[in-house]
Amino acid sequence: MVIHMLERIGRSVIVMLENGGRVIKLFLDTVGHLRRKPNGHHVLQQMVHLGVNSLPIVMLTMLFTGMVLTIQTAHEFIRYGAQSSVGGIVFIAMGRELAPVLTGVVVAGRVGAAITAEIGSMKVTEQIDALKVMATDPVAYLVVPRLLSCMFMLPVLGIFAIVIGTVGGYLVASTYSGISSFSYFHSIKTYAVVMDVLGGLIKTIFFGAIVAIIGCHKGLTTAQGAEGVGRATTGSVVASMILIFISNYFLSVLLYR
Amino acid sequence: MISLKNLSVAFGNKPVLNNISLSVEKGETLVVIGPSGSGKSTLLRLIVGLTKPDSGEVWVGDQEISGAEEDRLNVVRRNMGMVFQYSALFDSMSVGENVAFGLRQHTRMKEEDIARVVRRKLRSVGLSGQENKMPNELSGGMKKRVSLARAIALNPGIVLYDEPTAGLDPMMSATISRLICSTQRVLGVTSVVVTHDMESAFWVADRIAMIYEGEIVECGKVDEIKASSNPLVQRFINGMAHSGAAAKRRPKI
């Protein structure tokens, strides 16, 4: 009984390590392909598809996150007479943690799933094999443009996220909590430093790489038809989110210790 | 042109091909027949380098590719085209873009020249003016023909066909068989056709090889295969069930 359980744990660990190794290998292969000039048209196409089209949902998420954060903090801060700190707190929270992580999570759900579903259905309908037969490397053709566009577009989305989150906070602070515009924005100027935004944007570059590589890896290893595509897509979103949360902790320690 | 020497492949513990040797001459059409699961498609995947053999050699022209790196394989693949069983058209691209894919990837042709080649190739498979259709707007037979147009867009020396008539009605099967013959005649390509459609096989083949349980049980010209004394071959080409199970009539009630 115990041996059987240990065997199952061992097997799971081996599968996990194998998958981890494959993801790292795919990332290194993709980086290796960057020596050759990537197809600019494909990269731009993916930037629009994966980045620009994600902007509305990212903005909506961050607007309400900024608003709810202010509702929760402003009331308590006013009680202790610290209403002049609300803007700074909201901005720092947005820049360091909320904007990068929530942008990463939203993009993992929208873009990661789309990448896996698209590449996965190409895999099960032999389109990946067709690419290979036509002397086209699937990593160079499919993975490189997605990795580049995610790594470039996530920081751009992150900037929008910080701005919209802060504006959302301001709307609530000024209308609901009676904090003046001057007080709100002055506190941002007083408390925030460049690194609050820069660190968050550095994080989004990592999160973009995670979403793209996990999405592509799950897609390229899809098996067993339509059911397999569904399973791979779910797996891609879950794995990306978990990795975003874990890496966020270590990136925060590195960037803000 | 293509030479397979002592090839063996197993997936896990299951042997798929067992010490197979086969060669295809330049300009020849070899048809590989055999029941489902006998290793026919694996044979094609070995020739094009999509599957690596456990042992043996795969020669395409003067290149041995069984252990080749992707870069070297890609050089060999530029002289190959393949028609997949389910067509494998890129469904995010139009018919024209599918046919133009190889030209855009591997040549520096101008767009107007590419459009001219695409028009010519589509005309050769009887699909003139279909450039702007999407793959999901096409019937099975049309998809196969676009797949053939895409495979021959770069005028390859070798064309591989994986079950080109599977799932098609008899008239469309005949059309595809005619296209395989005309492609061979016009472009002088070396062709390997994997099929279990005997009518098509007899039509297009210069030689036929039969695979059974991972081994080649017969290989010869069409007449030799028709006259083969091998009971496995006769049962297969005449569409009879496996030994003993054939023709047990139900008693009349």
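**Local geometry and helices**

Colleague: B:Asn6 belongs to strand 1 (residues 2-11) of chain B. Is B:Asn6 buried or exposed?

Modeller: The model is predicted, so local features require pLDDT of at least 70 and side-chain atom pairs pLDDT 80 or more, while totals for chains, interfaces and linings use all residues. Residues are numbered from 1 along each chain as written, with chains lettered from A and ligands numbered from 1 in written order. B:Asn6, whose phi is positive, near 50°, although the residue is not glycine, has 12 C-beta neighbours inside 10 Å and therefore counts as exposed (12 or fewer; buried is 20 or more, partly exposed in between; C-beta atoms placed from the backbone).

Colleague: Where in chain A does A:Gln224 lie?

Modeller: A:Gln224, also not a glycine, has a positive phi of about 65°. It is exposed because 11 other C-beta atoms lie within 10 Å. Its place is the loop between helix 8 (194-220) and helix 9 (225-256) of chain A.

Colleague: At what angle do helix 4 and helix 6 of chain A pack?

Modeller: Helix 4 (residues 86-124) and helix 6 (residues 138-175) of chain A have axes 7 Å apart. The axes are lines fitted to C-alpha atoms over the stretch in contact, with angles from 0 to 180 degrees between N-to-C directions. The packing angle is about 140°.

Terms used:
Helices (H or I, at least four residues) and strands (E, at least two) are DSSP runs, numbered from the N terminus.
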